Amino acid sequence: MGHTLSAVEELLAAWNPLEVPRGIALSEYSIYAPVLCRMAKENADVVVGLVEILEGMGIEETDLNSGHMQELRNLAISIESAVTRSNG
């Protein structure tokens, strides 16, 4: 699971919705990786988890346009793929 967690942490740091410096992004967003990994393992909607993360940062779902939502869907697919590869 460690490799999967690291992979998801890297994905979240690359996403970096608050555009913080990379080193900060790795530590700042790493707290969300276990929850998102669990959601992906349980076949829950990872996009919902990502939206909840944004809401915790003060970004409401109503502030997201279709481009933002597509970015979240793409990120969710990447997270799900990372988790699937580790369970494969």
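**View 1. The largest nonpolar core.** The largest nonpolar core in this predicted model has 25 residues, and those with the most contacts inside it are Leu 12, Trp 15, Leu 36, Val 46, Leu 50, Leu 72 and Ile 79. Two or more residues come from each of α1 (2-15), α2 (22-30), α3 (33-41), α4 (46-56) and α5 (66-87). The most, 7 residues, come from α5. A nonpolar core is a set of buried Ala, Val, Leu, Ile, Met, Phe, Trp, Tyr and Cys residues joined through side-chain atoms within 4.5 Å. Helices (H or I, at least four residues) are DSSP runs, numbered from the N terminus.

**View 2. Surroundings of Leu 12.** Residues up to four places away in sequence aside, Leu 12 touches Tyr 29, Tyr 32, Ala 33, Leu 36, Leu 50, Leu 75 and Ile 79 (contact: heavy atoms within 4.5 Å).

View 3. Asn 16 lies in the loop between α1 and α2 and takes a positive phi of about 45° just after α1. Asn 16 counts as buried because its relative accessibility is 12%. Beyond its neighbours within four places in sequence, Asn 16 is in contact with Ala 25 and Tyr 29.

**Notes.** Residues are numbered from 1 along each chain as its sequence is written, and side-chain values use heavy atoms, without hydrogens and water. In this predicted model, local features need pLDDT of at least 70 and side-chain atom pairs count only at pLDDT 80 or more, while totals for chains, interfaces and linings use all residues.

Methods: Buried means under 20% relative accessible area, exposed over 50%, partly exposed in between (1.4 Å probe, protein chains only).
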